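Please examine the sequence and the structure shown below.

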Amino acid sequence: MKISSTLIVILFSLGLFNSCAINPVTGKKQLAFTSEVQEVQMGKEADPQIVAEYGLYENKELQAFINAKGKQMGAISDRPNLDYNFRIVDSDVVNAFAVPGGYIYFTRGIMAHFNNEAEFAGVLGHEIGHVAARHSVNQQAKTTLSQIGLMAGMILSPTVAQYGQELSQGLGLMFLKFGRDAEREADVLGVNYSTKIKYDAHQMAAFFGTLENLSQGSGGEALPDFMSTHPNPGERMKTVEKLATQVQRKENLTNLMINRNSYLKMIDGLVYGKDPKQGFVENSQFYHPVLKFQFPIPSGWKSNNSPQAFQMGEPNGKALMTLSLAQGANLEEAASNTIKKYGLTVVQNDKTTVNGLQVIRVIADQPENQEQQAPALRTLSYFIADGKTIYHMIGITAANTFDTYDNLFASTMSGFKKLTDPDKLNRKADRIKIITASSNTNLNEILNIRKENNAQKRKETAVLNGMTLTQVIPKGMMIKVISQ
């Protein structure tokens, strides 16, 4: 087969002719386009983006705990030289994930579902295992090869070229999805690493049981949930149970740590589920109690809330709206900055007021991109001044369908107003509350006493505790309940 000179240049630039590295865990050669220095840099660049997108959960005691255990485990891992970094991100999704270079993230959602330190240590070991075995770097090599094929396709097919950017972004999600062999290897390393720092790895298997219960009726929105990025918990629960027994027998280890009560005390008061202070949707309205505003959501539209922006989209994908903060000392500057940033051509602009707030309203076009065969877009923007804060609401659709959505965009943006309803302003988050059983009992009896009549909350409480509603709870045992 003859290789074109252009492709040879690409291959050399990617290092394909010198791209094998020794895997720190297996000692075998593996395909890798990334040196360790580059890998660490990738993590440094990704970290602030992840933090900006999801926010950090502020809990000094819990953060100090994961830092201490993470550093301890990193030191005994197969890559002790890395400077590992650990974060708790402010998301209710049950997930933990790692990016190249030793950056490891736990959501507050997964921290709520651990029932002891040993469960946490097992998952911590699993994620450090992904980093130690360079799974994400190996996955990046496969992604790069896929993108080479994508670039060739873009040259040959205008249709592929039109969606090239979206396809590349989709390939980027592969960093969070590993194959079965990589997951098995990370499980083995999770057992080994947690055992080395004296935790009972059988508890890691127990947590897979919690994940299996979660998979039967819940999931997340803000991040890919643990079930999608770490599949088959039932099968892996049995495997990890066997691995833990084998390692403990081989090393003749007994009385390994579980530390249930110490962990539960640390998560007492942890926010559970959605946090209203970040904004919430109710009856087709978005409310933000901290920033004190509200606006309507078009009927039937999907929405997604993050610290960076609130997004609304028609299910068919033909139109979307977003709300974000605009940068500028005043309305005029904010509008000018945004128009320049997105390369928009202003068609019309004027000043108005919306519910007592000063507004600059702009209709602007983004021209057709013939190179990518991207259609021309037309946008409607409202730049809204609320004191010194300037919000930018923008509606986007194809230029030839703008007239269809113009009134809908305008009515939604005109619904932006100050939030004054005390019920919405004072909405509180659910939290984990740790209580101690005063007698031999079960969760059903405890929840009856607490007058918890919500069937979903009762089910969630059982999953949170890794038990059934009728399971015996001995006197003196600490358990979690959901409270405000």
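Two strands pair if DSSP finds at least two bridges between them. Helices (H or I, at least four residues) and strands (E, at least two) are DSSP runs, numbered from the N terminus. This is a predicted model, in which local features need pLDDT of at least 70 and side-chain atom pairs count only at pLDDT 80 or more, while totals for chains, interfaces and linings use all residues. Residues are numbered from 1 along each chain as its sequence is written, and side-chain values use heavy atoms, with hydrogens and water left out.

**Overall make-up**
- The protein contains 18 helices and 19 strands.
- Of its 484 residues, 47% are buried (under 20% relative accessible area, with exposed over 50% and partly exposed in between; 1.4 Å probe, protein chains only).
- Among contacts (heavy atoms within 4.5 Å) with a separation of 6 or more, 65% join residues 24 or more positions apart.

**Confidence**
- The average pLDDT (the predictor's confidence in each residue, from 0 to 100) is 83, and 79% of the residues score at least 70.
- Residues 141-176 stay under 50 in pLDDT, and the model has 41 contacts beyond four places in sequence for them.
- Residues 218-225 also have a pLDDT below 50, with 22 contacts beyond near neighbours in sequence.
- Where pLDDT is low, the predicted coordinates should not be read in detail.

**Helix H5**
- At the start of H5, a side-chain oxygen of Asn116 comes within 3.1 Å of the backbone nitrogen of Ala118.
- Just after H5, Arg134 adopts a positive phi of about 55°.
- In H5, 16 of 16 residues are buried.

**Nonpolar cores**
- A nonpolar core is a set of buried Ala, Val, Leu, Ile, Met, Phe, Trp, Tyr and Cys residues joined through side-chain atoms within 4.5 Å.
- The largest core has 57 residues, and those with the most contacts inside it are Phe106, Ile110, Met111 and Phe114.
- H5 gives the most to this core, with 8 residues.

**Strand pairing**
- Strand S18 (residues 430-436) runs antiparallel to strand S6 (residues 271-272), joined by 2 bridges; Val271 stands opposite Arg431.
- S18 also pairs in the antiparallel sense with strand S19 (residues 478-483) over 6 bridges, and Lys480 in S19 is the bridge partner of Ile434.

Methods: Polar contact = N/O pair within 3.5 Å; in protein donor to acceptor, adjacent residues only side chain to side chain.
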